[in-house]
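Dear colleague,

Please find below the structure that I am handing over to you, with its sequence. My findings follow directly after it.

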Amino acid sequence: MCMKHDKLLEVFCKDDQTCVCMLCIISDHKTHEVVPLQEEFELKKTEMGKTEAEIKQMIQKRNLKIQEIKHSVELSKENTDREIAEDVEAFTKLKESVEKYQAKVITMIEEKQKQREKQAEGFLKELEEEISELKKRSSELEKLSHSEDHFNLLQSFKSLNAVPPTKDWTEVIVHPLSYDGTVKTAVAQLMTRLKNRFPEVDLTWAQQYAVDVMLDPDSANPKLILSDDGKQVHHVDEKKNLPDNAERFSVGLCVFGKQSISSGRFYFEVQVKEKPEWLFGVARESINRKGLNTVSCKEGYWTLQFRGEKFFALADTPVLLSLKSKPEKMGVFVDYEEGLVSFYDVNAAALIYSFTRCSFNEKILPFFCPGVNNGGKNSTPLIISTTLSRVAI
């Protein structure tokens, strides 16, 4: 009821946002916008329903975010546990290797000391034998010198007066063993051994970030042939009639992989066996696809090349690599946050080369150039492995 006119509240004043009676309209709300109370009630009810739905949606989104964060924490915990387990295993092996090498070095030092002691014992024995012989001669001379038997003295003089034959000991020296630099040498040798012993640990760690890379046909140069499964690529002389879309390499005999990375880590393997020429790695998504580029880090490429029986890391200035053997399968590992791109000889479990402090700043994609066909001499395709070559450690 209206307190002023004692009438039913039948309308709603939108200007004052209050319920009023019909007399209130005449006296106080002539110029205001008023609507029937029921109409405003339905309107407000509808708006409240929308607000309620919006709030419920906000609650739902936040519950989903809670689940997402909890799941992320669980994954982080799993990754942490796995990382700790792998670290413990790696450091256990490292500790065992160090202890074995330490025992070997100690044994070597002790053997040297034993050899020196044996040498000294030999010298001492000779000296004692000579002293014994000299004492014997001295005793005989002393006895003879007190003899009054002239005939016996004269007869024995020649044989007893001469000094017994002995060794010249002036140049014989037993030098004490010195171990200056032994520890440094041992540590240096150990580091070399460890470097050669544990590369498979590094490779196995990288392999856990393996991604199933597929070639992107929309990016492939028209002279490249891709397999139906998107895992193989090789060059042919005849150009295919393909649309020159923005993603396609028009000049460079290249193709991107579909999978990209803008955070985290990824790894993939490529078979290069029996190929006399190839180039691959990763590159920025924004590289020029319509012209010839200088393949270098500065231009957004982090790649290795094999050509003319030589291996190159195509940094800003190409780096000639010296490899013990020709790889048949190679692994590529990227750590986006660390700015790291590493290449491995998978079968040898050896690190070939790493680009460090790379400036990515955008999506990075696997990048492949199988090389010119060269009359069939380089017709073998680059093959992206579907299964990893696991390294036993």
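I begin with a hairpin: strands E12 and E13 have 4 residues between them, and Gly 339 there takes a positive phi near 65 degrees. Strands, like helices, are DSSP runs numbered from the N terminus, with at least two residues (E) for a strand and at least four (H or I) for a helix.

This is a predicted model, in which local features need pLDDT of at least 70 and side-chain atom pairs count only at pLDDT 80 or more, while totals for chains, interfaces and linings use all residues. Residues are numbered from 1 along each chain as its sequence is written, and side-chain values use heavy atoms, with hydrogens and water left out.

Overall composition

The protein chain has 5 helices and 16 strands. Of its 393 residues, 31% count as buried; buried means under 20% relative accessible area, exposed means over 50%, and partly exposed lies in between, with a 1.4 Å probe and protein chains only. Among contacts (heavy atoms within 4.5 Å) in the protein chain with a separation of 6 or more, 64% are accounted for by residues 24 or more positions apart.

Strand E12 (residues 329–335) runs antiparallel to E13 and is joined to it by 6 bridges. Two strands are taken to pair if DSSP finds at least two bridges between them. The bridge partner of Gly 331 is Tyr 344 in E13. E13 also pairs with strand E14 (residues 350–355), again in the antiparallel sense, over 5 bridges, and here Val 341 stands opposite Phe 355 in E14. Strand E13 (residues 340–345) is largely enclosed by the rest of the structure, because 5 of its 6 residues are buried.

The hairpin of E13 and E14 has 4 residues between the strands. Ala 349, in the loop between E13 and E14, has a positive phi of about 50 degrees although it is not a glycine. Ala 349 counts as buried, at 7% relative accessibility. Glu 309 is also not a glycine and has a positive phi, of about 60 degrees. Glu 309 is placed in the loop between E9 and strand E10 (310–313) and is exposed, with a relative accessible area of 57%.

Strand E7 (residues 265–271) is mostly covered, with 5 of its 7 residues buried. E7 pairs with E12 in the antiparallel sense over 7 bridges, and Gln 271 stands opposite Lys 329 in E12. E7 also pairs with E16 in the antiparallel sense, over 2 bridges; the bridge partner of Val 270 in E16 is Ile 384.

Ser 385 is found in the segment after strand E16 (382–384). The relative accessible area of Ser 385 is 16%, and the residue is buried. Leaving aside residues up to four places away in sequence, Ser 385 touches Lys 231, Glu 269, Val 270, Gln 271 and Lys 329.

Nonpolar cores

A nonpolar core is a set of buried Ala, Val, Leu, Ile, Met, Phe, Trp, Tyr and Cys residues joined through side-chain atoms within 4.5 Å. The largest has 36 residues, of which Phe 280, Val 341, Phe 355 and Phe 368 touch the most other members. A second, separate core has 11 residues, including Cys 254, Leu 279, Tyr 301 and Leu 314. Not counting residues up to four places away in sequence, the residues that Phe 355 touches include Trp 302, Leu 304, Leu 314, Gly 339, Val 341 and Phe 343.

The second largest pocket

On a 1 Å grid over the protein atoms alone, a cavity is a set of points where a 1.4 Å probe fits but cannot get out, whereas a pocket is an open set with protein on both sides within 12 Å along at least five of seven lines; lining residues have an atom within 4 Å of a point. Grid points are joined across faces, edges and corners, and a volume is the space filled by probe spheres set on the points.

The second largest pocket holds about 390 Å³ of space. It is lined by 21 residues, and those closest to its centre are Gly 252, Leu 253, Cys 254, Val 295 and Cys 369. Strand E8 (278–284), strand E9 (301–307) and strand E15 (364–369) each supply at least two residues of this lining, and E9 gives the most, with 3 residues.

With kind regards
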